[in-house]
Amino acid sequence: MQLHSLLISILMLSILTLTTNSMHAQDWPNLERFATDNALIKSNANMTDRVVFMGNSITEGWEAIRPDYFVDNNYINRGISGQTTPQMLLRFRQDVVDLEPAAVVILAGINDIAGNTGPSTIQMIADNIFSMAEIAVANDIKVILCSVLPAYDFPWNPGIDPAQKVVELNQLIETYADEKGHPYVDYFSAVADDRNGLPVKYAEDGIHPNALGYSVMEPILEEVVGVVLGK
């Protein structure tokens, strides 16, 4: 009887985990999310020096919490909550390249570490990010690569212990950026604590920045964008 109850508990936990991960992974890869907005942007010839932000919920939430930052700077947010790097790759052309931006800001990888769309090695995650960068370069778009933000664990998928994996991924991204001559925006060093996590003062859930967290990230990025766009 006890074994039967244990098996039922394990089954229910597995179903809950799969359902939660599916909620965060979103549709694969949600290609129509920005279709209407993209069409309007492409028809607006007066919108110059476009900068597109490609990312996940950290990018999506940035505009939701700090909308004036995007409006005032002519920034285009193309973050989708829960997405991993292969999903971003599949929509990179229509959500970045087709908008003909001057530059793209790529902040990605944390959901891959969380396993939102299945297990991935750190090198696989990095290679997907590098592929996005290479597609941008091939289309004369300047690339700004960002460090993944620190994390202790994932509220939707606990027990993964991502802290060291984030460090390893950031090392690969920074090395690639140096080799290719792309700017590397080091958010990680600005907000990580001595356990390589994201303090509550910057993100109440330990993952998604709050207004204070984004306000720390913004001047770091602005310095780089100014150089890239020659401002």
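**View 1. Arginine 33 and glutamate 60 meet in a salt bridge.** Their closest N and O atoms are 2.4 Å apart. A salt bridge here is a side-chain nitrogen of Lys or Arg within 4 Å of a carboxyl oxygen of Asp or Glu. The pair links distant parts of the chain, 27 residues apart. Arginine 33 sits in the loop between helix 1 (2-25) and helix 2, and glutamate 60 belongs to helix 3 (residues 57-65). Helices (H or I, at least four residues) and strands (E, at least two) are DSSP runs, numbered from the N terminus. Arginine 33 has 35% relative accessibility, so it counts as partly exposed. Glutamate 60 is also partly exposed, at 23%. Buried means under 20% relative accessible area, exposed means over 50%, and partly exposed lies in between (1.4 Å probe, protein chains only).

This is a predicted model: local features need pLDDT of at least 70, side-chain atom pairs count only at pLDDT 80 or more, and totals for chains, interfaces and linings use all residues. Residues are numbered from 1 along each chain as its sequence is written, and side-chain values use heavy atoms, with hydrogens and water left out.

**View 2. Glutamate 218 and arginine 66 form another salt bridge.** The N to O distance is 2.5 Å. This pair also joins distant parts of the chain, 152 residues apart. Glutamate 218 lies in helix 10 (residues 211-228). Arginine 66 lies in the loop between helix 3 and helix 4 (67-73). Glutamate 218 counts as buried because its relative accessibility is 6%. Arginine 66, at 28%, counts as partly exposed. A search of the whole structure finds three salt bridges.

**View 3. Arginine 91 pairs with aspartate 95 within helix 5.** This is a salt bridge, with the closest N and O atoms 2.9 Å apart. The two residues are four apart in helix 5, so about one helical turn separates them. Both arginine 91 and aspartate 95 are buried. Arginine 91 has a further partner: its side chain makes a polar contact with the side chain of glutamine 83, at 2.6 Å. A polar contact is a pair of N or O atoms within 3.5 Å; within protein, one must be able to donate a hydrogen and the other to accept it, and residues adjacent in sequence count only if both atoms are side-chain atoms.

**View 4. Glutamine 83 occupies the loop between strand 2 and helix 5.** Its relative accessibility is 0%, so glutamine 83 counts as buried. A polar atom of the glutamine 83 side chain lies 2.7 Å from the backbone oxygen of proline 29. The side chain of arginine 91 is in polar contact with glutamine 83 too.

**View 5. Strand 1 (residues 51-55) is mostly covered.** Five of its five residues are buried. Both faces are covered. Val51, Phe53 and Gly55 point to one side, and Val52 and Met54 to the other. Helix 5 (residues 85-95) lies across strand 1, strand 2 and strand 3. Helix 5 runs at about 165 degrees to strand 1. Axes are lines fitted to C-alpha atoms, for helices over the stretch in contact (heavy atoms within 4.5 Å). Angles run from 0 to 180 degrees between N-to-C directions.

**View 6. Five strands form an open sheet in the order 2-1-3-4-5.** The pairing is parallel. Strand 2 and strand 5 (184-185) stand at the edges, each with a single partner strand, so one side of each is left without a neighbour in the sheet. Two strands pair if DSSP finds at least two bridges between them. Strand 1 and strand 2 (residues 75-79) share five bridges. Methionine 54 has arginine 78 as its bridge partner in strand 2. Strand 1 and strand 3 (residues 103-107) also pair over five bridges. There, phenylalanine 53 is partnered by valine 105. Four bridges join strand 3 to strand 4 (residues 142-146). Valine 105 stands opposite isoleucine 144 in strand 4.

**View 7. Alanine 35 lies in helix 2 (residues 35-43).** Its relative accessibility is 31%, so alanine 35 counts as partly exposed. The C-alpha atoms of alanine 35 and glutamine 94 are 8.2 Å apart. Along the chain, 59 residues separate the two.

**View 8. Model confidence has a mean pLDDT of 89 for the protein chain.** pLDDT is the predictor's confidence in each residue, from 0 to 100. In this chain, 87% of residues reach 70 or more. Over residues 1-25 the pLDDT is below 50. Beyond near neighbours in sequence, this stretch has 15 contacts in the model.
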